[in-house]
Amino acid sequence: MTWYYFRLECLRMLRDPRYLAMAVITPVGFYLLFATIFGKDPAKPGELKGTIEIMVAMAAYGGIWGALSATGPRIAHERSSGWLEQLRSMPLATRQVMAAKLAAGMVVALPALLLVCATGAAFKGVGLDAWQWAAMAAAMWVGCLPFALLGIAIGYAVGGETAFPLSYAVYLAMSILGGLWVPPSVLPASFRTVADALPTYRLADLGWHIAGGGAPAAADVAVLAGWTVGLGLLATWVYRRPRRSAAAAA
Amino acid sequence: MDTAISVQAVTKRYGALVAVDDVTLDIPRGRTVALLGPNGAGKSTTVAMLMGLTEPDTGSVTVGDRPPRAAVAAGGIAAMLQDSGLMPGVTVAELIELGRRLYPAPLSTAEALELAGLTTLSRRRVDRLSGGQAQRVKFALVAVANPETMLLDEPTRALDVQGRREFWTAMRAYTASGRTVLFATHYLEEVEENADRVVVMARGRIVADGTPAELRTGAGSAIVRFRLPVDAARPVLPGTVTVDDGWVTVRTDDPDAAVRALASGPHRWQDLSVIPPSLDDSFLRLTTEEPR
């Protein structure tokens, strides 16, 4: 059953110390650090408290890496190691494999996201209504989908050696430009324009709106949906692009 | 039908390279057939087409009367591929369990592990296996499918002599129940010991097809050697006879006739041995011949 394959994909991710370190511990650590330094000021009218704003940003930061690292580097590595070739020789279609990987990427994004929220609630006095917690987590989780698709595109575009550094570089750049480290509101206008177009910013903004007691902004949903469709098409194209067959060597 | 594998007039090109050139091959059920040939002979491409991993340009391939992909899905055929790898981060037992769940009529995971000699390693992470152990995991992935037909593309490559012996011991136990096996290899002693038929490929074509003994015969002379008393007359036997210090060497295309003549003749011979033509010679000659 594909179900069992999906289970193994999740298991191996959760067993990977690198996943725990980079997708779970790092965002929680940064959150505790930043919230302690910048979270003291009382909230200005119409703005979120620092402890909440940073919590949402770091939850996004963790979730994104969970989704991206479960797909990109792994797919590239498995293409070169021959595991995907092995799977092709078994009764499992590649699209089922990719669907399982996509789903596993989403699953492992969730703990990364939730742990930052739990840290905010437990240690930084973040008090949201139950519906806000639920809506925020659900919305931001779904918002991680374009990053899992980006991972599939990277995994099929580059080799096993390149995929990890490339994924990480893209992740860092998009996170910084998307205002996960420094809120775009304090940056020059040109940065704001870039951030507005990035899925990283839109993912955090989704959470900020809900944490602020409002509904998600239509623009956030629209931009994230656009990236999802765009990256989905890119991943499909990269995957279908003709490649030199491994069998050609013999 | 009693045909496990049927390849009919198949050609496969990669750009300018003709990897498989008008190959026809029928393998009846229950046979163990060796596919022999130097690198680039078209063995792996043939295996890939039998698994439906690549399509022939012309001709047809069927596995147990089904198209390859249908045979794979039904668990009728399973392969150890040359360039395949294993899923990292899971245990041996988890990986074999994945295989078990993908096939319609599998062995139990425990049986497959047992057959591959992996029972004690079942909880080991796949990434922490030696080359030989990883090769046995690949075999277990084939075994768990419980297939009628197995393809083994250089299954013992990267194994030491001991590992090769263990592998084939496990394999023979597995194939005793009438499975069909097609294996590609470089090791001629594996062919001698395990195959009842040898198909030799070179430059994408089948250049020889027969039993190991027939192929050897094609290689030319066998040698019959024995000792005679020093004062004995030079014997007259079919073949080229040389005598050296009481040892008689007969080079002959027909060692049976030479031995019969010797046995029915008057000679007081001792220490008889017959050295068959080596398959190595035969193999070299077949695969290095210029294309016709």
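Modeller: In strand E4 of chain B, B:Ser60 is the bridge partner of B:Gln8. Strands are DSSP runs of E, at least two residues, and helices runs of H or I, at least four, numbered from the N terminus. This is a predicted model, where local features need pLDDT of at least 70, side-chain atom pairs count only at pLDDT 80 or more, and totals for chains, interfaces and linings use all residues. Residues are numbered from 1 along each chain as its sequence is written, with chains lettered from A and ligands numbered from 1 in the order in which they are written.

Colleague: How many bridges do E1(B) and E4(B) share?

Modeller: Five, in the antiparallel sense; pairing takes at least two DSSP bridges.

Colleague: And which residue in E2(B) partners B:Ile5?

Modeller: B:Ile27. E1(B), residues 3-14, and E2(B), residues 17-28, run antiparallel with eight bridges. Their hairpin has two residues between the strands, and B:Gly15 takes a positive phi near 60° there.

Colleague: Where is confidence lowest in chain B?

Modeller: In helix H10(B), residues 279-288, at a mean pLDDT of 72; pLDDT is the predictor's confidence in each residue, from 0 to 100. Helix H3(B), residues 92-102, is highest at 97. The chain B mean is 88.

Colleague: What about the whole complex?

Modeller: The predictor gives an ipTM of 0.88 and a pTM of 0.83.
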